Amino acid sequence: MPTARGGRIRQAREADILRAAAGVFAAEGFAGATMQDIATAAGLPKASLHYYFRHKQALYRAVLADLLHDWLAPADALAADRHPHDALGHYITEKMRLTAERPEASRLFASEVLRGAPEIGDLLRTELRALVEDKVRVIDGWKARGWIAADVDATHLFFTVWAATQTYADFDAQVCAVLGVARLGPDDLQRATDHVLRTVLRGCGVTPHPPPSPPSRHPRACEGPPPPPSVEADRGCPRSRA
């Protein structure tokens with residue numbers, strides 16, 4: 001019977017394999033990558049790699065499914081009770097962080113989609129589509145509350161965010177050429193993140209969530225202009241003396 005420690009070791013080893021495989025697949029493509037290349041990148045004997053993944057197609061699908069899962073996780077921030085300035089801001093920032101940390105995985109995903117998504121088309125039509133439909137309902141709720149412009153197409157908003165964030169990984173050579181840098185550094189990525197945030201939030205008519213109004217101060221019964229004497233007497237308030 002496998003132990004909890006053994007399960008954690010297996011999970012950690014599989015995560016290492018998936019990360020190494022993503023780099024090899026991104027560099028060589030599915031056809032050009034070999035199990036030996038991936039085993040070498042992961043620091044494993046080829047036989048050990050086959051223990052975890054019996055063939056290349058299974059490993060390729062696992063890499064793409066793992067990447068899709070990581071990319072879907074930031075969408076949890078898009079909640080009905082969370083203001084879009086905070087929610088969309090968090091979502092975009094996390095997408096940019098993943099783009100910076102895993103550019104090879106983003107390029108691999110783009111390559112798969114450009115090929116017609118033969119390996120993960122079923123995941124796109126089920127898991128991804130269901131998530132987008134759920135979050136579209138959240139955005140429609142924001143519209144009803146006046147938190148986001150009424151003419152925003154919630155579905156196409158996702159396409160816009162994906163394109164604006166993933167371009168810094170998928171087309172980094174083009175971006176670097178125009179910026180005149182060898183590679184994107186932290187300052188470049190922060191500048192890009194700030195730009196995407198401003199463009200999306202302003203384009204959607206989203207402004208910072210206003211702070212809550214201070215509680216109203218109810219005047220005491222005896223404050224304000226003195227009422228007529230007869231009313232003062234009825235209310236039992238002391239009459240002010242000149």
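The following chat discusses a predicted model of one protein chain.

Me: What should I know about the source of the coordinates?
Reply: The model is predicted: local features need pLDDT of at least 70, side-chain atom pairs count only at pLDDT 80 or more, and totals for chains, interfaces and linings use all residues. Residues are numbered from 1 along each chain as its sequence is written, and side-chain values use heavy atoms, with hydrogens and water left out.

Me: How many helices and strands does the chain have?
Reply: The chain has 11 helices and zero strands. Both are DSSP runs numbered from the N terminus, helices being H or I with at least four residues and strands E with at least two.

Me: And what share of the residues is buried?
Reply: Of the 242 residues in the chain, 35% are buried. Buried means under 20% relative accessible area, exposed over 50%, and partly exposed in between, with a 1.4 Å probe and protein chains only.

Me: What about contacts, how many join residues at least 24 apart?
Reply: Among contacts between residues at least 6 apart in sequence, 68% join residues at least 24 apart. A contact means heavy atoms within 4.5 Å.

Me: Turning to rings, how many aromatic pairs are there?
Reply: The structure holds eight aromatic pairs. Rings of Phe, Tyr and Trp (its six-membered ring) pair if their centres lie within 6.5 Å; planes under 30 degrees apart count as stacked, over 60 as edge-to-face and the rest as tilted.

Me: What is the geometry of F25 and Y60?
Reply: Their ring centres are 5.0 Å apart and their planes stand at 75°, so the pair is edge-to-face. It links distant parts of the chain, with F25 in helix α1 (residues 4–32) and Y60 in helix α4, 35 residues apart.

Me: Which other ring pairs with Y60, say F30? How is that pair arranged?
Reply: F30 and Y60 form a tilted pair, 4.8 Å centre to centre with 55° between the planes. F30 also lies in helix α1, 30 residues from Y60 in helix α4.

Me: Are those two buried or partly exposed?
Reply: Y60 is buried, with a relative accessible area of 1%, whereas F30 is partly exposed at 25%.

Me: Where does the charged end of K56 sit?
Reply: The charged end of K56 sits over the ring of F30, 4.6 Å from its centre. The criterion is NZ of Lys or CZ of Arg within 6 Å of the ring centre and within 35 degrees of the ring normal. K95 lies over the face of W71, at 4.6 Å from the ring centre.

Me: Which residues form an aromatic cluster?
Reply: Y91, F158, F159 and W162 form one aromatic cluster.

Me: New topic: at what angle do α6 and α8 pack?
Reply: Helix α6 (residues 103–114) and helix α8 (residues 154–170) pack at about 110°, with their axes 8 Å apart. Axes are lines fitted to C-alpha atoms, for helices over the stretch in contact, and angles run from 0 to 180 degrees between N-to-C directions. The two helices are therefore roughly perpendicular, a class covering 65 to 115 degrees, beside roughly parallel under 35, roughly antiparallel over 145 and oblique for the rest.

Me: Which residues make that contact?
Reply: P103, S106, R107 and A110 of α6 meet Q166, A169 and D170 of α8.

Me: Lastly, where is R102, and what does it touch?
Reply: R102 is found in the loop between α5 (84–101) and α6, and at 7% relative accessibility R102 counts as buried. Leaving aside neighbours within four places in sequence, R102 is in contact with R19, D66, L67 and D70.
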